[in-house]
Amino acid sequence: MEVNGYTIKPRADLLKAKLAGAKLAGADLTGANLALANLRGANLTLAHLRGANLRGGNLTDVDFTNANLTNANLTGANLTGANLTNANLTNANLTLAHLNR
């Protein structure tokens, strides 16, 4: 799958990717590097993000409904306004993450 010129696949290197507003529902980004990426307002419902690195990313208003974030690194990520309804956050690292509504 291609989005905004980026190849979306497991273990993809998407460091600093500009994916604001991207429609990534159901995408398989298992183990992907999304550190410092801008995903503001993206749709990641039912996405597979197991072990993904989202460190320091702009995840403002992202829809993570039913997403799998098991073992994901969300250190320092901005999750302001993000929808985490039924998201699996088992063993996810949320150290210094911003979780304001």
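What follows is a short chat about a predicted model of one chain.

Me: What do the values rest on?
Reply: This is a predicted model, where local features need pLDDT of at least 70, side-chain atom pairs count only at pLDDT 80 or more, and totals for chains, interfaces and linings use all residues. Residues are numbered from 1 along each chain as its sequence is written, and side-chain values use heavy atoms, with hydrogens and water left out.

Me: How many helices and strands in the chain?
Reply: Zero helices and two strands. Both are DSSP runs numbered from the N terminus: helices are H or I with at least four residues, strands E with at least two.

Me: What span does the C-alpha trace have?
Reply: About 30 × 20 × 20 Å along its principal axes.

Me: How much of the chain is buried?
Reply: Buried residues are 39% of the 101. Buried means under 20% relative accessible area, exposed over 50%, and partly exposed in between, with a 1.4 Å probe and protein chains only.

Me: And T60, where is its place?
Reply: T60 lies in the segment after β2 (6-7).

Me: Is T60 buried or exposed, and why?
Reply: T60 counts as buried because its relative accessible area is 7%.

Me: Which residues does T60 touch?
Reply: Leaving out residues up to four places away in sequence, T60 touches R40, G41, N78 and T80. Contact means heavy atoms within 4.5 Å.

Me: Switching topic, what share of contacts comes from residues 24 or more positions apart?
Reply: 0% of the contacts in the chain with a separation of 6 or more.
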